[in-house]
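Student: I have a structure open and would like to learn how to read its side-chain features. Could you take me through some of them?

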Amino acid sequence: MRRYWMNTKKIQFVWIAIGLCIITACSFKGYKFNGASIDYTQTKTIQIAEFQNRSNYVWGPMASMFNNRLRDQFADHTKLIQVKRNGDLRLEGEITQYSQRNKSISSEGHSAQTELSITVNVRFTNTKKHSEDFERQFTATATYETTQSLNAVQEELVTQMIKDIVDQIFNATVANW
């Protein structure tokens with residue numbers, strides 16, 4: 001019985017080792033589990049311009065929150081070196097909309113929920129493969145109960161929406177999803 005148990009453990013160990021080898025080796029031509037599909041032999045740098053808040057309604061911290069999150073996303077999930085000019089990949093744009101609107105009405109006829117929305121216009125240039133260039137808008141929304149004030153929920157909801165938009169931008173630019 002003891003010999004069977006030791007053989008079973010050896011087989012489990014071998015399968016675990018094979019699985020780990022497969023997982024760590026899964027980066028074929030720049031394809032990674034983080035979603036980035038970059039050919040690092042040709043594309044080495046990224047230039048991320050400062051995105052200004054050009055919306056009619058401006059919440060002070062939003063532009064810097066967005067810019068930091070965008071830069072961090074590329075730093076954390078790619079091997080691209082961020083440069084100030086002449087990047088192989090270039091991202092620029094602006095926050096074009098930050099607004100709120102009534103989303104639902106209560107049975108008493110009052111607003112029950114408010115939807116907050118952010119839209120960012122992005123111009124992407126791939127100097128190594130211009131067929132991937134685009135200009136596109138990315139939007140994210142979040143809803144909050146009207147019984148809460150915008151000031152009470154704004155930072156949390158804006159953080160959530162920025163994460164969503166940055167993920168969309170990342171997928172559209174380097175993940176080719």
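Student: Let's start with K128: how does its relative accessibility make it count as buried, partly exposed or exposed?

Tutor: Bear in mind that this is a predicted model. Buried means under 20% relative accessible area and exposed means over 50%, with partly exposed in between. K128 has 44% relative accessibility, so it counts as partly exposed.

Student: And which residue forms a salt bridge with K128?

Tutor: Look for a side-chain nitrogen of Lys or Arg within 4 Å of a carboxyl oxygen of Asp or Glu. Here the partner is D88, with the closest N and O atoms 3.8 Å apart. K128 sits in the loop between β5 and β6, and D88 in the loop between β3 (81–83) and β4, so the pair ties together parts that are 40 residues apart in sequence. D88 is buried, at 12% relative accessible area.

Student: How many salt bridges are there in total, and which residues do shared partners join into one network?

Tutor: The count is 9 salt bridges. Salt bridges with shared partners join E92, E94, R123 and E135 into one network. Within it, E94 is buried at 16%, R123 is partly exposed at 24% and E135 is exposed at 52%.

Student: Now the rings. Why is the pair Y57 and Y98 stacked?

Tutor: Check the ring centres and then the angle: planes under 30 degrees apart count as stacked. The centres of Y57 and Y98 are 5.2 Å apart and their planes lie at 20°, so the pair is stacked. Y57 is in the loop between β2 (52–53) and α2 (62–77), and Y98 is in strand β4 (residues 89–105), 41 residues apart. Y57 is partly exposed at 39%, whereas Y98 is buried at 3%.

Student: Which residues touch the most other members of the largest nonpolar core?

Tutor: Y98 comes back here: of the 39 residues in that core, F66, L70, L91, Y98 and I118 touch the most other members. As for elements, α3 gives the most to this core, with 12 residues.

Notes:
Residues numbered from 1 in each chain as written. Predicted model: local features only at pLDDT ≥ 70, side-chain atom pairs only at ≥ 80, totals over all residues. Heavy atoms only, no water. Phe/Tyr/Trp six-rings, centres within 6.5 Å; stacked < 30°, edge-to-face > 60°. Helix = DSSP H or I, 4+ residues; strand = E, 2+ residues; numbered from the N terminus. Buried < 20%, exposed > 50% of the residue type's maximum accessible area, 1.4 Å probe, protein only. Core = buried A, V, L, I, M, F, W, Y, C linked by side-chain atoms within 4.5 Å.
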